[in-house]
Amino acid sequence: MKSNNTVGHMAALLTIIIWGTTFISTKILLVDFQPVEILFFRFLVGLLALFLVCPHRLKGTTGRQELTFAAAGLCGICLYYLLENIALTCTMASNVGVIISVAPFFTALLSHLVLKGERPEANFFAGFAAAMAGIILISFNGSMLELNPIGDLLALLAALIWACYSVLTKKISSYGYHTILTTRRVFCYGILFMIPTLFLFDFRPGLTRFANPVHLLNLIFLGLGASALCFVTWNFAVKALGAVRTSVYIYMVPVITVVTSVIILHEKITVLAIVGTVLTLAGLLLSESRLFLRKEEKENGLEK
């Protein structure tokens with residue numbers, strides 16, 4: 001079980017490293033694609049990839065289980081990304097980055113209420129406070145805080161929706177099906193829920209844009225890496241570590257973004273960003289300490 005715990009941490013870390021770099025590909029594609037088009041195409045590519053990797057059918061599911069898959073698809077694939085993208089059009093990206101990082105806090109509360117997990121201990125809240133302070137320093141980095149009620153509220157709702165997805169994923173992991181098969185089923189429902197929204201956001205099905213190799217390669221990265229691979233590894237991490245312990249890795253997304261910006265975009269790193277990175281990593285480590293959610297660990301077989 002200890003090795004499974006280690007693999008779970010590695011899977012969560014790999015997922016966050018990839019998710020933290022997706023902003024580059026998304027930024028490139030936004031020149032010629034609408035946000036909803038990027039979402040639809042990336043998850044469609046991801047779904048096709050999962051079918052190729054594991055063509056077996058998911059059999060023997062009950063009606064209640066299918067409702068859980070559908071709810072996970074609605075929350076984690078459709079609503080979360082749509083709310084986040086709409087929020088980005090209504091408020092500053094720094095606001096969204098900070099507010100989305102509240103997701104682990106919501107996940108802890110929902111896990112306690114829905115999964116009957118033990119109430120998070122003091123170290124979780126201390127880690128949350130340290131990580132949020134670091135993320136604020138990274139996100140604003142000397143700029144003025146500007147509140148935009150509609151956009152900020154949508155970002156907060158997106159964080160809550162992701163927490164719901166994390167709890168649903170933990171519930172799905174208890175069914176005992178293969179992670180790739182359950183992720184694929186969630187993708188199917190997510191794409192189905194996304195289709196009606198395409199008519200509201202100026203979706204263009206034209207494929208001529210993919211003749212540009214830059215567009216094609218970035219979409220493949222988002223589809224195969226950030227969608228197919230990352231949702232499987234994230235769901236595996238949730239199965240191995242629990243919804244709350246996995247969710248705290250979200251704190252690292254701004255850190256990965258800073259590092260990527262320095263390495264790939266050659267942006268200069270500031271003292272505030274360095275301090276924020278240290279605080280964020282300290283908060284992550286504190287939240288992941290062994291005192292955290294002992295009952296959840298026992299349920300996952302992580303403690304002797």
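Modeller: Ser-111 lies in helix α6, residues 103–114; helices are DSSP runs of H or I with at least four residues, numbered from the N terminus. This is a predicted model, where local features need pLDDT of at least 70, side-chain atom pairs count only at pLDDT 80 or more, and totals for chains, interfaces and linings use all residues. Residues are numbered from 1 along each chain as its sequence is written, and side-chain values use heavy atoms, leaving out hydrogens and water.

Biologist: Is Ser-111 buried or exposed, and how do you know?

Modeller: Its relative accessible area is 4%. Buried means under 20%, exposed over 50% and partly exposed in between, with a 1.4 Å probe and protein chains only. Ser-111 is therefore buried.

Biologist: Which residues have the most contacts inside the largest nonpolar core?

Modeller: Trp-19, Phe-43, Trp-162, Tyr-165, Phe-231, Trp-234 and Tyr-251, in a core of 83 residues. Such a core is a set of buried Ala, Val, Leu, Ile, Met, Phe, Trp, Tyr and Cys residues joined through side-chain atoms within 4.5 Å. Helix α8 (residues 149–173) supplies its largest share, eleven residues.

Biologist: What makes a space count as a cavity?

Modeller: On a 1 Å grid over the protein atoms alone, it is a set of points where a 1.4 Å probe fits but cannot get out; lining residues have an atom within 4 Å of a point. One cavity of 30 Å³ or more is counted. The largest cavity holds about 100 Å³, a volume being the space filled by probe spheres set on the points, which are joined across faces, edges and corners.

Biologist: Which helix gives the most to the lining of the largest cavity?

Modeller: α8, with four residues.

Terms used: Helix = DSSP H or I, 4+ residues; strand = E, 2+ residues; numbered from the N terminus. 1 Å grid on protein atoms, 1.4 Å probe; cavity = no way out; pocket = protein on both sides within 12 Å on 5 of 7 lines; lining within 4 Å.
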